Amino acid sequence: MAWKFENETPIYLQIIDKIKKDIVSGVLSPGSKIPPVRELAIEAGVNPNTMQKALQTLESEGILYSQRTSGRFVAETVDDSVREKICDEVMKKFTEHMYDLGFSDEDIVKKTKDYLKKNPSKTGGSI
């Protein structure tokens, strides 16, 4: 089944985000092998060149590394800093959307707390 992509953001950037999320959430662990470009492209429903661009970007960021005859792997050094960076990116997009809708900082905090009370996390925690 093809991955779901938004129209507003380039697909290769969305692929990068998905792979980063898979790493920080534990779906892909440090040292694990990434499927070949063509296999990932078929799974995602994208052109192999698009997938290659995303994987090369992740390599340049130090998230993935290549071994000439073995393929690509998740770097062993991926840590909480990657998770924090992803969190910052998500929060930036969220707050920008909320500001565009006319909400103040206080409104955003209140709306977020209200939402979390009505929709507890999958782990059972709440605020």
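Asp-114 forms a salt bridge with Lys-110 (a salt bridge being a side-chain nitrogen of Lys or Arg within 4 Å of a carboxyl oxygen of Asp or Glu), and the closest N and O atoms of the pair are 2.8 Å apart. The structure is a predicted model, in which local features need pLDDT of at least 70, side-chain atom pairs count only at pLDDT 80 or more, and totals for chains, interfaces and linings use all residues. Residues are numbered from 1 along each chain as its sequence is written, and side-chain values use heavy atoms, with hydrogens and water left out.

Both Asp-114 and Lys-110 lie in helix α5, 4 residues apart, about one turn of the helix; helices (H or I, at least four residues) and strands (E, at least two) are DSSP runs numbered from the N terminus. Asp-114 counts as partly exposed at 27% relative accessibility, where buried means under 20% relative accessible area, exposed over 50%, and partly exposed in between (1.4 Å probe, protein chains only).

The structure holds 6 salt bridges, among them one between the side chains of Asp-17 and Lys-93 (3.7 Å, N to O). This pair links distant parts of the chain, with Asp-17 in helix α1 and Lys-93 in helix α4, 76 residues apart. Another salt bridge joins Asp-22 to Lys-18, with the closest N and O atoms 2.9 Å apart, and here both residues lie in helix α1. Asp-22 is buried, with a relative accessible area of 16%, whereas Lys-18 is partly exposed at 29%.

Arg-72 lies in strand β3 (residues 71–74) and is buried, with a relative accessible area of 12%. The side chain of Arg-72 makes a polar contact with the side chain of Glu-59 (2.4 Å); such a contact is a pair of N or O atoms within 3.5 Å, of which, within protein, one must be able to donate a hydrogen and the other to accept it, and residues adjacent in sequence count only if both atoms are side-chain atoms.

The largest pocket has a volume of about 440 Å³. A pocket is, on a 1 Å grid over the protein atoms alone, an open set of points where a 1.4 Å probe fits, with protein on both sides within 12 Å along at least five of seven lines, and lining residues have an atom within 4 Å of a point; the volume is the space filled by probe spheres set on the points, which are joined across faces, edges and corners. Of the 17 residues that line the largest pocket, the closest to its centre include Asp-17 and Lys-93, and α1 gives the most to this lining, with 6 residues.
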